[in-house]
Amino acid sequence: MAVRSSRHLVGVTEEPRVRRIGIALLAAVTLSGALSAAPAQAHGRQRVLGIDHCTATVCHFDVPPGTYDVRVTLGGEAASSTSVAGETRRSLLPETTVAAGERVTRSFTVNVRTPEGEPTGPAGTPGLDLTLGGSAPALAGIRVTPARHARQVILIGDSTVCDQPGDPYSGWGQQLPQYLRKGVSVANYADSGESTVTYLHNPQLWATVQPLIRPGDLVLVQLAHNDKTTDGATYRANLENLVAGIRDRGGEPVLVTPIVRRWFNADGTLNNNTALLVNGLGVDLPAVIRSVAAAEDVPLIDLTAKTKALVESLGVEGSKALYLYYEKRDNTHTSVHGATVYAGLVRDELLALRLVPEGRVRMG
C-alpha cells in the first residue's frame with residue numbers, strides 16, 4: 001500500500017525496602033549482571049539494580065540485544081489495574097486487575113534489538129524500556145533475566161503488521177506479544193511499505209533477518225498489500241524463496257494472508273478487488289498465498305478470510321473502530337483496538353494449528 005507508517009505517514013523478587021514513587025512501585029528490581037547478547041546465556045556475577053531504575057511509569061534496563069524473561073508482581077494497598085508495554089509501543093501484558101492488598105505475578109518474554117521497531121526505522125533507545133499503563137497501575141516487583149529456552153516468533157510483513165512508532169497507528173504484530181506467555185518471544189521484523197520484492201532485495205530486511213532464524217523458530221510471513229504491480233509468477237516465486245530460506249535455517253514458515261481493507265459494496269459485503277487484495281494486474285494475492293501454502297506443505301493462517309468475516313459481521317459502522325477511519329479516514333491501517341482484535345485472531349490460529357502450545361498462550 002502506498003501509505004506508510006508514521007515515520008512516512010504521519011516468585012516475587014527479594015523486597016529490600018519499600019517506598020512510594022508516584023503509583024505503588026514497591027519492590028526492588030533484580031537483573032543479571034554482565035548479560036550476554038546471546039539470548040540463551042548469562043555469565044558473571046549477579047548484581048541488583050535498585051528501585052531507582054524505575055520511575056512512576058517507566059523502567060529502564062541497560063541490557064544488550066537479546067531475549068529476556070520479565071516477571072512482574074502487580075498490586076498494592078488499593079485496588080489496581082496494570083498493563084505493560086515495551087520498546088516501540090509493543091503490548092507485552094494486557095491490563096490485569098488486582099484486588100486491594102493482593103499481589104499477582106505475571107511473566108512474559110521480550111525481544112530486545114536494534115533498531116527496536118521497524119528494521120529500516122530509527123535505532124531507538126539502547127536497552128529494555130518497559131512502560132506501565134492501565135487505569136490504576138501498581139507494580140510491586142520486577143525481575144529481568146536472560147531467556148534460556150525461548151522460542152522466537154519472527155514476523156515478516158508490512159505496515160499492517162509492524163511495530164508502528166506513533167499513535168494512533170498499530171500493527172497486529174505489535175499487539176501479539178500480550179497473548180503469549182514466558183517462553184515465546186515475538187521478534188517483529190515487519191516494515192512499512194514493503195512488498196515481497198522490496199523485502200527480499202533490501203539488505204536491511206531479508207538479508208538481515210534470515211541469519212537470525214534459529215532451528216524451531218516460527219516465521220510468519222504476511223506480504224501482499226504493497227505488491228500492487230507484482231505479477232503472479234513473480235509473487236509466487238518470492239513467497240517460495242522466503243519459504244525455502246526459512247527452512248534452510250531450520251525455521252518453520254507460516255504463510256499469512258493479508259488483513260482486508262475496509263471497502264464495502266452497497267450490499268454490505270466487502271469489495272472483491274480492493275478490500276480482498278486483488279492487485280492492479282488482476283492477481284488475487286491471497287489465492288496465490290493459499291496455493292503456495294498447499295503446494296509447499298506450509299501452515300496457513302487465512303487472515304483475509306478471518307478479517308473479512310469479522311468486518312462484514314460488524315457492518316459499515318461497527319467496523320470503523322477496527323481501522324483508523326475516525327482518526328485518518330484510513331480504511332487500511334488498524335487502530336490499537338483493531339490491531340489487538342486481529343492479533344487475537346492470529347493467536348487463535350496459532351493454537352488451532354498447534355504451532356504454539358496451549359500453555360504458552362494467554363487467552364485473557
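Predicted model: local features only at pLDDT ≥ 70, side-chain atom pairs only at ≥ 80, totals over all residues.

Residues are numbered from 1 along each chain as its sequence is written, and side-chain values use heavy atoms, with hydrogens and water left out.

Me: Which hand has the disulfide of Cys-54 and Cys-59?

Reply: A disulfide is a pair of cysteine sulfur atoms within 2.5 Å. Cys-54 and Cys-59 are joined with an S to S distance of 2.1 Å. The torsion about their S-S bond is about 110°, so the disulfide is right-handed.

Me: Are α4 and α5 parallel, perpendicular or oblique to each other?

Reply: Helices are DSSP runs of H or I with at least four residues, and strands are runs of E with at least two, numbered from the N terminus. Helix α4 (residues 232–248) and helix α5 (residues 285–296) pack at about 40°, with axes 10 Å apart; axes are lines fitted to C-alpha atoms, for helices over the stretch in contact (heavy atoms within 4.5 Å), and angles run from 0 to 180 degrees between N-to-C directions. Angles under 35 degrees count as roughly parallel, over 145 as roughly antiparallel, 65 to 115 as roughly perpendicular and the rest as oblique. The two helices, α4 and α5, are therefore oblique.

Me: Is Ser-91 buried or exposed?

Reply: Ser-91 belongs to strand β7 (residues 90–98). Buried means under 20% relative accessible area, exposed over 50% and partly exposed in between (1.4 Å probe, protein chains only). The relative accessibility of Ser-91 is 16%, so Ser-91 counts as buried.
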